[in-house]
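Hi everyone, thanks for making the time. Let me put the model up on the screen, and then we can walk through it together.

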Amino acid sequence: MLDAPAPSLGSRRNLHGRVVQDLGARIAGGGYEPGALLPSEAVLGASFGVSRTVLREAVKVLASKGLVEARPKIGTRVRPRTDWNMLDPDVLAWQCAGTDLPGVAEDLMEIRRVVEPHAAALAARRASAAEVAEIAAAYADMERAPDIESSVEPDVRFHLAVMDATHNAFLRPLGALIRAALSASFRLSKMPPGAHERSMPRHRAVLDAIRDRDPEAARAAMRDLLDHAAEDIRNAKETIR
């Protein structure tokens with residue numbers, strides 16, 4: 001009887017990616033607490049239906065994201081959340097898919113309130129005509145959205161377009177990294193009735209200030225927008241308790 005053929009490189013990568021996603025989501029979602037040892041390679045490999053080689057490759061990826069550390073003769077332990085690479089797109093997505101979305105959204109909002117008002121001021125100084133048009137197009141798509149769910153994508157695009165218009169090499173990738181978390185926090189913040197409608201004039205104020213090349217007005221408008229979004233998140237937390 002012939003042995004089963006070894007998995008191709010492509011299929012092994014697919015298996016490896018699935019284990020990274022499933023195990024990462026399980027850790028970020030609280031399935032394994034910080035400090036806990038993961039099950040043995042034999043047990044984990046059997047639960048995912050993969051070889052030890054595939055499992056070890058996946059653990060290396062999770063270690064590079066700060067979630068785990070593997071030590072010989074001890075095993076693989078979940079690291080404290082303070083060691084996790086919180087701006088890694090996968091880590092953000094796993095946390096947003098977890099049970100503490102309101103807490104993640106509040107933490108993210110604190111970062112946004114530090115970064116985005118200054119980003120709006122920079123955009124007012126530096127945005128090209130094409131970049132202003134991109135911000136305006138995202139705003140127009142928000143206005144045309146028939147429901148809250150449809151407004152999320154252009155809302156995200158609006159904020160990322162502002163980040164792009166800063167022409168800052170560090171702000172641009174930050175905008176891309178937090179895309180998944182922004183989508184989740186926007187969905188949460190728009191849960192209270194009328195939140196989306198109330199946000200539209202504030203988005204328009206940001207757009208107008210950038211278009212008018214008024215950095216301080218852009219800063220103030222973005223701060224006002226985020227202050228009210230933070231209030232909506234707090235209200236949403238009360239709604240889902």
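**A walk through the model**

Let's start at one residue: Thr76 counts as buried because its relative accessibility is 15%, where buried means under 20% relative accessible area, exposed over 50% and partly exposed in between, with a 1.4 Å probe and protein chains only. A word on provenance: this is a predicted model, where local features need pLDDT of at least 70 and side-chain atom pairs count only at pLDDT 80 or more, while totals for chains, interfaces and linings use all residues. Residues are numbered from 1 along each chain as its sequence is written, and side-chain values use heavy atoms, with hydrogens and water left out.

Back to Thr76, which sits in strand β2, residues 75-78. Helices (H or I, at least four residues) and strands (E, at least two) are DSSP runs, numbered from the N terminus. What does Thr76 touch, not counting residues up to four places away in sequence? Its partners are Ala36, Leu37, Leu38, Val59, Val68, Glu69 and Ala70, with contact meaning heavy atoms within 4.5 Å.

Zooming out, the protein chain has 11 helices and 2 strands. Their order from the N terminus is α-α-α-β-β-α-α-α-α-α-α-α-α. Of the 241 residues, 44% are buried.

Now the cores. A nonpolar core here is a set of buried Ala, Val, Leu, Ile, Met, Phe, Trp, Tyr and Cys residues joined through side-chain atoms within 4.5 Å. The largest one has 29 residues, and Ile135, Phe158, Val162, Val206, Ile210 and Met222 touch the most other members. At least two residues each come from α5 (101-126), α6 (129-144), α7 (148-164), α10 (195-211) and α11 (215-240). The largest share, 8 residues, is supplied by α11. Apart from this core lies another, of 21 residues, including Leu23, Ala58, Val59 and Val68.

Last stop, a helix pair. The axes of α5 and α7 come within 8 Å and cross at roughly 60°; axes are lines fitted to C-alpha atoms, for helices over the stretch in contact, and angles run from 0 to 180 degrees between N-to-C directions. So α5 and α7 are oblique to each other, since angles under 35 degrees count as roughly parallel, over 145 as roughly antiparallel, 65 to 115 as roughly perpendicular and the rest as oblique. On the α5 side, the contact is made by Arg112, Val115, Glu116, Ala119, Ala120 and Ala123, and on the α7 side by His159, Val162 and Met163. Thanks, all!
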